Amino acid sequence: MASRRIDVRAVSKDPTGQVLRALYAYASPDAGAPCTIEHDGRSIAAREGEPIALSLLGAGVDTLSRSVKFHRPRGPMCLRGNCEGCLVRVDGEPNRMACAAPARDGREVRSQNSFPSAQLDVLRVTDWFFPKQFDHHHLMVRYGTTINEVMQSFARKMAGLGTLPERPAEAPLPEEIDCDALVVGLGPVGLSVALALAGEGLSVCAVEEEPFAGGLVRDSLQWHSRDGERLCGAEASDRDLAKLRAAGVSVRLSASACATFDDGTIVIQSDRALWVRAKARVFTNGCHESVGAFGDNDLPGVYTARAAARALRYGVRVGESVLVCGDEDPALDALSDALSAVGAKVHRLTEGERLLEATGSSSVSGALVGRDERSAHKIKCDAIVASTSRTPAFELAGQAGVEAAQDLDRQCFASWADELGRTQRSDVFVAGSVAHGGRSPVRESAVARSVRDYVTKGRVR
Amino acid sequence: MSAKVLLCRCEDVTLAEVEHAIESGQHDIESLKRFTGFGTGWCQGKQCLIACARVLAARVGELPLAPVTPRPPVHPMPLGMLASLGDAVSVDRVASERASEDEGER
Ligand code: FES
């Protein structure tokens, strides 16, 4: 399998190449110590600390798992903990997301839900048995009892994700945190809201599920200006984070808010639970991304635009020959330029064409594109970047009682809030792209003042 | 074309399956979820909810007024860690809150 590692010194000097060069000069993908991980018995060269999914992708391995029913091949799609494609067993622990688990020397990574391996799973026949769908409402009643029983017991054995861990899990004591305001999500909006809250004199706890702050800015392939300087997204985000820390905000990275109640919010930070009791909760947790609906859209080698940009940040290009398509998005142009800057051949669709189907048996080897099925033609490529409009992550605010309403402009649901970030729950606020109408850029200072008013006076309205 | 279009990757729910469910009368998003099982897997609907809602909108004319009820946990968490919270979280109170919230559901 061909290496997909980028030679960071060979990046072209054109304008987008310059951004990548700045990125690599600031945070080199080569910075981590070289190490070796095991994947299904094979040694893979990796860099200490990088996500395992990228170590594997860098070594040309893109099929990591199999789907639950059809045993279709799957691989990382989002690279940010939003899908199921990268689930693997790591050091005897099932269901680890390879895009979030860091590489360490000697780590043992195994595929699950497959026999004998994710690359070659004989249970794939299930997929061919059911050419359209798996109708569990009628399947069992159509056959006689014996065959039904056999199928049931087979299904029971094969269903589920992974097998039990080797060791019982050890959960350290939870940490309890009391604060005035909890900010969930440290993308650009969360960073500025949290900073403004600290400026209002509130005690602030800010949690971010990724191991870094900055969200889309961090993954962008464009310049950002901070304090009159032109910086790459990673450096700009780290500057913002440093300001937050200097302002006394308690920042928790790799910390996922999983559930929120009136009394508190459950956050999982690496291997420990936090119970955060905050007077006010502010949700700035942005959007989900997906690749959209086309034939075999779940094939390994199909990525969101964000994932492909993130891979570049870690010094990995998703393919040698990449189809880049999707809803109109300036980020797609920057991504295409950046992929070219690292020597990949980039294909784009022409006006009126769309992606109809990804082709390939265990990972992408081509794409069927055209205006319709009759005019379809095939492009040879080893990766497809397909982006669709981002949709608000309204779930957490929804658990807190904030109504998720139709956002007809974006054809999605979003958390309902006014322009000051206030919701129908007086202690819950939302801002940024998760909010209705995608109120971004919000006036973070105004949101912070609403929160302060609530915390100090107890009531906004 | 023989390719499957996956709307919900986690539970292997295809476009054909969702269309079939809509034809068989599942015209609201909650019923569609229960019938097909979309959104009940690892990612809890981060990818598929909107995809299914848009297919439904294309068939019945418009996007549902509200999405499915979001329930915790929104992100997978080990049971051991939930158990570790034992004393910190007043389970009784949390349970009673959920109950009163559920009563408010339509
Ligand atoms: S969750 Fe890891 S790639 Fe999507």
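Tutor: Chain A and chain B bury about 5300 Å² between them, and 61% of that area lies on carbon and sulfur atoms. The model is a predicted one, and the values that follow are computed from it. To this contact chain A contributes 74 residues and chain B contributes 50 residues. Within chain A, the residues that lose the most area to chain B are Q399(A), Q406(A) and F413(A), which together account for 11% of what that side buries.

The polar side of the contact can be described next. Between chain A and chain B, 16 residue pairs are in polar contact, counting pairs in which both residues have pLDDT 80 or more. Two salt bridges are found across the interface of chain A and chain B. In a salt bridge between the chains, the side chain of R9(B) meets that of E84(A), with a distance of 2.7 Å from N to O.

Several elements of chain A give two or more residues to the side that touches chain B: strand 6 (93–97), helix 4 (136–142), strand 13 (255–260), strand 14 (265–269), strand 15 (272–283), helix 11 (395–399), strand 25 (404–407) and strand 26 (412–415). Strand 15 of chain A gives the most, with five residues. By residue class, the side of chain A that touches chain B comprises 31 nonpolar, 22 polar and 21 charged residues.

A salt bridge within chain A joins the side chains of R5(A) and E50(A) at 2.8 Å, N to O. R5(A) lies in the segment before helix 1 (15–26) of chain A, while E50(A) lies in the loop between strand 2 (42–47) and helix 2 (52–58) of chain A, so the pair ties together parts that are 45 residues apart in sequence.

Chain A also contains the following sheets. Four of its strands form an open sheet with parallel pairing, in the order 17-23-18-19. Strand 17 (302–303) and strand 19 (345–347) of chain A are at the edges with a single partner strand each, so one side of each is left without a neighbour in the sheet. Two bridges pair strand 17 of chain A with strand 23 (residues 383–387) of chain A in the parallel sense, and Y303(A) has V385(A) in strand 23 as its bridge partner. Helix 9 (residues 305–313) of chain A packs on this sheet, touching strand 17 and strand 23 of chain A, and its direction makes about 125° with that of strand 23. Helix 10 (residues 330–341) of chain A lies across strand 18 (321–326), strand 19 and strand 23 of chain A and runs at about 175° to strand 18.

Another open sheet of chain A has three strands in the order 20-21-22, with antiparallel pairing. Its edge strands are strand 20 (354–359) and strand 22 (377–380) of chain A, each of which pairs on one side only. The twist averages 30° from one strand to the next. Strand 21 (residues 366–370) of chain A is joined to strand 22 of chain A by four bridges, the two running antiparallel. In this pairing, A367(A) has I379(A) of strand 22 as its bridge partner.

Two points of backbone geometry complete the picture. Most residues other than glycine have a negative phi, and most peptide bonds are trans. D40(A), which is not a glycine, has a positive phi of about 45°; this residue is placed in the loop between strand 1 (34–39) and strand 2 of chain A. In chain B, a cis peptide bond joins P72(B) and P73(B), with omega about -5°. P73(B) belongs to the loop between helix 3 (48–60) and helix 4 (79–84) of chain B.

Terms used. Residues numbered from 1 in each chain as written. Chains lettered and ligands numbered in written order. Predicted model: local features only at pLDDT ≥ 70, side-chain atom pairs only at ≥ 80, totals over all residues. Heavy atoms only, no water. Pairing = 2+ DSSP bridges. Contact = heavy atoms within 4.5 Å. Axes fitted to C-alpha atoms, helices over the stretch in contact; angles between N-to-C directions. Buried area = accessible area lost by both parts, 1.4 Å probe. Salt bridge = Lys/Arg side-chain N within 4 Å of Asp/Glu carboxyl O. Polar contact = N/O pair within 3.5 Å; in protein donor to acceptor, adjacent residues only side chain to side chain. Nonpolar A, V, L, I, M, F, W, Y, C, P; charged D, E, K, R; others polar.
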